[in-house]
Amino acid sequence: MPGDEEITGKVAERLRFFYSDANIRVDKFLREELEKAENGGFVPITTLLKFKTIRKLTEDVKVIAEAAKHERVCERVKLNDDETGIGRKVPFDFKKMGDNVKLSLRVENLPVTTDNEGGKKPTKRYAVTMDEIRDLFTPYGEGALVR
């Protein structure tokens, strides 16, 4: 079982991705949450708990708040005063909505594996995770969006 520091780091990575320009361009739900006047530019942590990739790591609001302070993401996000919401330090420029990511890298022919659980119809999935792909390219620069 991963330790608290490892979980906090993984949640910080997810926050770094969710609050990136590249993701906000394509993530209508998060974009709308950031724009809501009642949120004041902060997305409630309880809303972030609706994201499967966050919930898979933790359901503890305090862990998510702590992750927002982590070195991997603290330059990008901030907590509201009562530490119940997370916003961007530099607000997203909605004029950039039509802009595409400056450089793109497409990777093809990733290894595929077949799951055949309990007599169900076999399903194919990638044999590598998005985190493994991101880690592979990290020495060459920060990847904004892996999907």
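## Basis and overall fold

Contact is taken here to mean heavy atoms within 4.5 Å. The structure is a predicted model, in which local features need pLDDT of at least 70 and side-chain atom pairs count only at pLDDT 80 or more, while totals for chains, interfaces and linings use all residues. Residues are numbered from 1 along each chain as its sequence is written, and side-chain values use heavy atoms, with hydrogens and water left out.

The chain has seven helices and five strands, where helices (H or I, at least four residues) and strands (E, at least two) are DSSP runs numbered from the N terminus. Along the sequence these elements follow the pattern α-α-α-β-α-α-α-β-β-β-β-α. Of the 147 residues, 33% count as buried, a class defined as under 20% relative accessible area, with exposed over 50% and partly exposed in between (1.4 Å probe, protein chains only). Among the contacts with a separation of 6 or more, 53% come from residues 24 or more positions apart.

## Helix 3 and its cover

Helix 3 spans residues 28-35, and its buried residues are Leu30, Arg31, Glu33 and Leu34. Viewed down the helix axis, these buried residues fall within an arc of 160°, so they line one face of helix 3; the arc is that of the directions from the helix axis to the C-beta atoms. Their cover includes helix 1 (4-18), helix 2 (21-26), strand 1 (42-44), helix 4 (45-48) and strand 3 (85-88). At the start of helix 3, a side-chain oxygen of Asp27 comes to within 3.3 Å of the backbone nitrogen of Phe29.

## The second largest pocket

The lining of the second largest pocket includes Leu34, Glu35, Gly40, Gly41, Phe42, Lys78, Gly87, Arg88 and Phe94. Helix 3 and strand 3 are the elements that give two or more residues to this lining. A pocket, on a 1 Å grid over the protein atoms alone, is an open set of points where a 1.4 Å probe fits, with protein on both sides within 12 Å along at least five of seven lines, and lining residues have an atom within 4 Å of a point. The space in this pocket comes to about 170 Å³.

## Two residues in detail

Thr8 lies in helix 1 and is buried, with a relative accessible area of 10%. The side chain of Thr8 reaches the backbone oxygen of Asp4 at 2.8 Å. Not counting residues up to four places away in sequence, Thr8 touches Val63, Glu66, Ala67 and His70.

Glu83 lies in the loop between strand 2 (77-79) and strand 3 and is partly exposed, with a relative accessible area of 35%. Phi of Glu83 is near 55°, a positive value in a residue other than glycine. Most residues other than glycine have a negative phi. Leaving aside neighbours within four places in sequence, Glu83 is in contact with Ile45, Ala65 and Lys69. With the side chain of Lys69, the side chain of Glu83 makes a polar contact at 3.2 Å, that is, a pair of N or O atoms within 3.5 Å, of which, within protein, one must be able to donate a hydrogen and the other to accept it, residues adjacent in sequence counting only if both atoms are side-chain atoms. Glu83 and Lys62, 21 residues apart in sequence, are 8.4 Å apart in space, C-alpha to C-alpha.

Technical notes. Points joined across faces, edges and corners; volume = space filled by probe spheres on them.
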